[in-house]
2 protein chains.
Amino acid sequence: MSSDESGKVSVRTVTYTAIEGLPLIRPGDNLGEIIVRGMAAQGLRFDSGDILVVCQKIVSKAEGRIRRLSEVQPSAFAQKFARQWQKDARVVELVLQESRRIVRMDHGLLIVETGPGWVCANAGIDESNLSSPDEVTLLPLDPDRSAQALRNEIRRLCGVDIAVIITDTFGRPWRVGLIDFCLGIAGMEPLLDLRGSRDLTGRELHHTVMAVADQIAAAAGLLMGKADGIPAVLVRGYQYRFGSGSAKALIREPGTDLFR
Amino acid sequence: MSSDESGKVSVRTVTYTAIEGLPLIRPGDNLGEIIVRGMAAQGLRFDSGDILVVCQKIVSKAEGRIRRLSEVQPSAFAQKFARQWQKDARVVELVLQESRRIVRMDHGLLIVETGPGWVCANAGIDESNLSSPDEVTLLPLDPDRSAQALRNEIRRLCGVDIAVIITDTFGRPWRVGLIDFCLGIAGMEPLLDLRGSRDLTGRELHHTVMAVADQIAAAAGLLMGKADGIPAVLVRGYQYRFGSGSAKALIREPGTDLFR
């Protein structure tokens with residue numbers, strides 16, 4: 001809380017606004033244009049310093065990261081696991097193809113490390129909100145690059161500098177339910193390092209590195225509810241640290257991870 | 001997005017506002033009164049349907065969940081671990097006292113199951129923002145009950161029904177950095193179960209249970225930054241499901257948890 005010269009009290013508020021009414025995205029679509037147009041229909045436009053949060057699904061679709069299950073030939077290993085747990089062997093096969101290591105394979109769950117190092121169920125392969133039941137999406141090949149492209153496109157269209165976060169929805173160890181996480185980022189640092197700063201009593205904060213990009217992803221996810229078809233959220237009012245950080249900074253080094 | 005009768009477009013927006021300028025909390029303090037007074041100083045007051053997010057630290061302090069390290073007698077086991085990793089043996093002893101099981105004990109980290117079943121580092125014991133370096137806080141004994149008490153107090157003071165979420169800041173497997181999680185809840189359901197509903201193309205959503213309370217906790221945490229001393233956040237605009245749910249619904253059954 002601070003007072004300006006007139007004595008008016010200003011409060012720190014962060015707002016998350018659903019960008020609604022977007023069409024189903026197809027390969028080759030220009031996401032930036034579609035989002036800017038959708039926002040205009042809601043009477044919204046980007047300001048410098050905004051954050052645009054976009055779910056992985058529409059990025060994958062725009063980038064053509066779609067596979068047809070009818071074209072997948074499952075391996076014997078995929079077939080065995082699928083039979084045991086009543087899964088679609090072709091989906092299991094795609095999960096294995098997208099993985100570099102299996103972290104856990106039990107209870108019908110496949111928790112894997114993806115190529116870039118994300119640990120998640122089913123390598124992020126998703127079967128919802130696609131135009132055909134034969135289709136699934138894979139994660140974007142390089143979500144940081146996708147975020148940067150979207151950021152550049154917004155700058156071109158609107159002349160403002162924003163940050164972009166690409167999210168996906170994952171389960172967690174120890175806790176029930178899914179939340180959203182940052183998978184790609186552009187224009188801001190994903191971590192806020194408070195080490196060396198002091199608390200209110202002057203005690204040094206030793207261990208406090210906040211995953212701010214994951215906090216924003218989770219907050220935006222609250223508005224995205226899969227059934228509602230809201231794939232993008234505008235975040236306004238958060239004073240972030242400009243930067244060219246990568247979402248890969250959010251991946252814990254396997255050597256220091258007690259749960260790999 | 002929807003249009004009212006006048007044709008005006010309404011947008012779905014959720015706002016998070018920092019409640020600032022609160023005093024350091026002491027045992028016995030009436031948190032509800034202090035928060036309502038702090039909000040009034042910012043020109044804010046509760047509306048029905050608001051969510052109040054409060055960090056564990058001030059709840060623990062108000063409830064007197066404070067221990068003096070000088071009064072702790074560490075066991076031989078605590079001393080051994082502390083020596084190996086240059087820890088304070090008295091803090092290690094308190095962590096063991098607050099735990100019912102150790103999940104991982106390595107790299108100087110103690111990941112434990114607390115009495116109620118939360119899995120987190122150091123049993124949630126916290127050394128920051130206390131009036132003496134001899135003091136630490138323990139987690140509230142029953143965070144759901146603490147949330148309910150705060151909800152009742154706000155109803156008594158302001159005559160409105162709100163939901164309350166009590167949060168703590170934890171690390172995560174696989175990912176760098178801390179985010180905030182829901183530890184106690186009152187007045188709303190912590191999970192939003194979308195199973196059985198359909199996506200935009202009519203495909204049934206099989207696995208989608210969203211941990212909405214954790215999403216809100218993470219979002220509020222973004223405003224709480226430990227160094228800033230903001231222990232409470234007002235959330236407005238999220239249409240939640242009223243309910244008498246417990247945050248314990250967020251604890252994954254050990255038998256189905258692949259990472260216990």
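Reply: Let's start with one pair of residues: the bridge partner of Tyr16(A) in E3(B) is Val14(B). What you are looking at is a predicted model, where local features need pLDDT of at least 70 and side-chain atom pairs count only at pLDDT 80 or more, while totals for chains, interfaces and linings use all residues. As for the labels, residues are numbered from 1 along each chain as its sequence is written, and chains are lettered from A and ligands numbered from 1 in the order in which they are written.

Two strands pair if DSSP finds at least two bridges between them.

Now step back to the whole meeting place. Residues are in contact here if their C-beta atoms, placed from the backbone, lie within 7 Å. Side chains are sorted too: Ala, Val, Leu, Ile, Met, Phe, Trp, Tyr, Cys and Pro count as nonpolar, Asp, Glu, Lys and Arg as charged, and the others, Gly among them, as polar. In these terms, 70 residues of chain A are in contact with 70 residues of chain B. On the side of chain A that touches chain B, at least two residues each come from strand E3 (13–19), strand E6 (99–106), strand E7 (109–114), strand E13 (209–210) and helix H6 (212–224). H6(A) gives the largest share of that side, nine residues. By class, the side of chain A that touches chain B has 37 nonpolar, 19 polar and 14 charged residues.

How do the two chains relate to each other? Two copies of a chain are related by a rotation about an axis and a shift along it. The superposition is done by least squares on the C-alpha atoms of residues with pLDDT of at least 70 in both copies. Here a rotation of 180° with 0.0 Å of shift along its axis places chain A on chain B, with an RMSD of 0.0 Å. The two copies are therefore related as by a two-fold rotation axis. Both copies use the same surface, since 100% of the contact residues of chain A recur in chain B.

Two of the strands at the meeting place, E6(A) and E7(A), pair with each other in the antiparallel sense over six bridges. Within this pairing, Glu113(A) in E7(A) is the bridge partner of Arg101(A). They are part of an open sheet of three strands in chain A, ordered E6-E7-E8 with antiparallel pairing. E6 and strand E8 (119–121) of chain A each have a single partner strand and stand at the edges, so one side of each is left without a neighbour in the sheet. From one strand to the next, the twist averages 25°.

Chain B also has an open sheet of three strands in the order E6-E7-E8, with antiparallel pairing. Strand E6 (99–106) and strand E8 (119–121) of chain B are its edge strands, each pairing on one side only. Strand E7 (residues 109–114) of chain B pairs with E8(B) in the antiparallel sense over three bridges, and there Glu113(B) stands opposite Val119(B).

Finally, look at some helices in chain A. Two packed helices are described by the angle between their axes and the distance between the axes. Axes are lines fitted to C-alpha atoms, for helices over the stretch in contact, and angles run from 0 to 180 degrees between N-to-C directions. Angles under 35 degrees count as roughly parallel, over 145 as roughly antiparallel, 65 to 115 as roughly perpendicular and the rest as oblique. The axes of helix H3 (residues 76–85) and helix H4 (residues 89–97) of chain A come within 8 Å and cross at roughly 125°, which means that H3(A) is oblique to H4(A). The contact joins Ala78(A), Gln79(A), Phe81(A) and Ala82(A) of H3(A) to Ala89(A), Val92(A), Glu93(A) and Leu96(A) of H4(A). Sorted by class, the residues of this contact are six nonpolar, one polar and one charged.

Note on methods: Contact = placed C-beta atoms within 7 Å. Helix = DSSP H or I, 4+ residues; strand = E, 2+ residues; numbered from the N terminus.
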